[in-house]
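Hi,

Here is the structure I promised to pass on to you. Have a look at it first, and then read my notes below.

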Amino acid sequence: MRHAYSVETVRTAEQALMARLPEGALMQRAAAGLAVACGDLLRRHGRVYGSRVLLLVGSGDNGGDTLYAGARLARRGAGVRALLTSPDKVHRAALAALLAAGGQVLDSPEGLPPVDLVVDGITGIGGRGGLRPEAAELVRAVTGGHAPVLAVDLPSGVEADTGQVLGAAVRADATVTFGTYKPGLLIDPAAEHAGALRLVDIGLAAELPARPDLEALQYADVAALLPVPDAESDKYRRGVVGVAAGSERYPGAAVLAVAGALRGGAGAVRYAGPGADAVIARFPETLVHPGPPSKAGRVQAWVVGPGLGDGAQAATAVSDVLAADVPVLVDADGLRLMDAGAVRERTAATVLTPHAGEAAALLGVEREEVEAGRLAAVRELAARFRATVLLKGSTTLVAEPGDTPVRVNPTGTSWLATAGSGDVLSGLTGSLLAAGLAPRDAASVGAYLHGLAARRTSDGAPVTAQDVADALPAAWRDVRA
């Protein structure tokens, strides 16, 4: 499990750790890890000795880490030069170390020869509101070539706590972060600026609280949560998921939601709605009923919304499902048709799965506000509707009411931005609910498998929603291998 903590929490932990260490020891630990990462990047394209490294150095500890790492590289034979964005506030001891090791300080980027690596140590986690104009111009001047850019702790200009990008920011190929991940490294749009992540252990773990602000499941976490039948299982003990989806206009939504549900771990799928013929033609094992959902038979969870449209039958299906005393997942048209009060009053679990536009409508704000502040949006939705919320997007987030950490899905891919992909995810997650997973776990595991299936089947090529559904069994095998 990857854990991420807010800047305030990290700062407090660092202070506690520094009080127990010799002066400067923590910075040296960070600089050592940063120098190793720089060396690894340089060796991919040549070697450390004789390479040319440019440091972009801001004030404070972030600049100090960068300068000390530069000194280590210079002692290994690299030609290291530094551009100081705040010469009067530079870390003096670290600057002296760089100069003593043979490094140089430049007055400007003019006439700078090609370099092999650019190291961004301008602001790190202490920055707010994007880069200042002069720093932004400096970044543009030195990062336009082919040299990789490595960010120190966090790409300068992005918001560490929220993942927002409120102005000009460094776009790194890789980021070395210290002690723990920060939320902005895992949440878009900031995560798009971070590149490949590398965590350097500086001994901070013992000082951090048990509950992180954000967490991301890894293979082992997902494998431990997957529902696996035992010797006594039958299709009913494994759980039955109901799907109320599709319409005469959108029969494919019913097929795709059922496809996801059949591959989600439950023992059987009941379909209720007008798309029964299309569903049976594709998946003859499905139990079908014309509706309403309450007449379809016993289920352990319901999925409602994909492709329902906006007619009277659709509205009835949504209210019927929300009245059921089982976990319910609401997606797509169901989000628009549901009664907010009915959702809040439910005693069984509810999972809402909006994309940014649907989330904006639920919150009464513009879509751009949700996309710029995804973490705040998912937390607000969970609190307002007293439900678990899976906010779909470039980084899918899962939140529930209360103090539990928000989960971010690490397997997302832009290839999932295709028609019907969300229908597959809804069916898959609903099936996990029916199989007995807690709402937060079902949403997190569903998003993880969904992204993994898309990555597995795309291989850089376009995919369809049905491709993703068909690849889900392989994604299960990958996780459990």
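**What turned up**

Let's start with the rings: the count comes to one aromatic pair (rings of Phe, Tyr and Trp, the last by its six-membered ring, pair if their centres lie within 6.5 Å; planes under 30 degrees apart are stacked, over 60 edge-to-face, and the rest tilted). Tyr219 and Tyr448 make up the pair, and it is edge-to-face because the planes stand at 75 degrees, with the ring centres 6.0 Å apart. Tyr219 belongs to helix 7 (residues 219-225) and Tyr448 to helix 17 (residues 439-458), so the pair ties together parts that are 229 residues apart in sequence. Helices here are DSSP runs of H or I with at least four residues, strands are runs of E with at least two, and both are numbered from the N terminus.

Before you go further: this is a predicted model, where local features need pLDDT of at least 70 and side-chain atom pairs count only at pLDDT 80 or more, while totals for chains, interfaces and linings use all residues. Residues are numbered from 1 along each chain as its sequence is written, and side-chain values use heavy atoms, with hydrogens and water left out.

Are the two tyrosines buried or exposed? Tyr219 has 37% relative accessibility, so it counts as partly exposed, whereas Tyr448, at 4%, counts as buried. (Buried is under 20% relative accessible area, exposed over 50%, partly exposed in between, using a 1.4 Å probe and protein chains only.)

Next, a pair of helices. Helix 16 (residues 421-434) packs against helix 18 (residues 465-480) at about 35 degrees, with the axes 8 Å apart (axes are lines fitted to C-alpha atoms over the stretch in contact, and angles run from 0 to 180 degrees between N-to-C directions). Helix 16 brings Ser421, Val424, Leu428 and Leu432 to the contact, and helix 18 brings Ala465, Ala469, Leu472 and Trp476; contact means heavy atoms within 4.5 Å.

Gly427 is also found in helix 16, and at 0% relative accessibility it counts as buried. Apart from neighbours within four places in sequence, Gly427 touches Ala257, Gly260, Ala261 and Val303. Pro306 is 121 residues from Gly427 in sequence, yet their C-alpha atoms are 9.3 Å apart in space.

Last stop: Ser6, in the loop between strand 1 (2-4) and helix 1 (7-18). Ser6 counts as buried at 15% relative accessibility. Setting aside neighbours within four places in sequence, Ser6 is in contact with Asp161, Pro183 and Asp213.

Cheers
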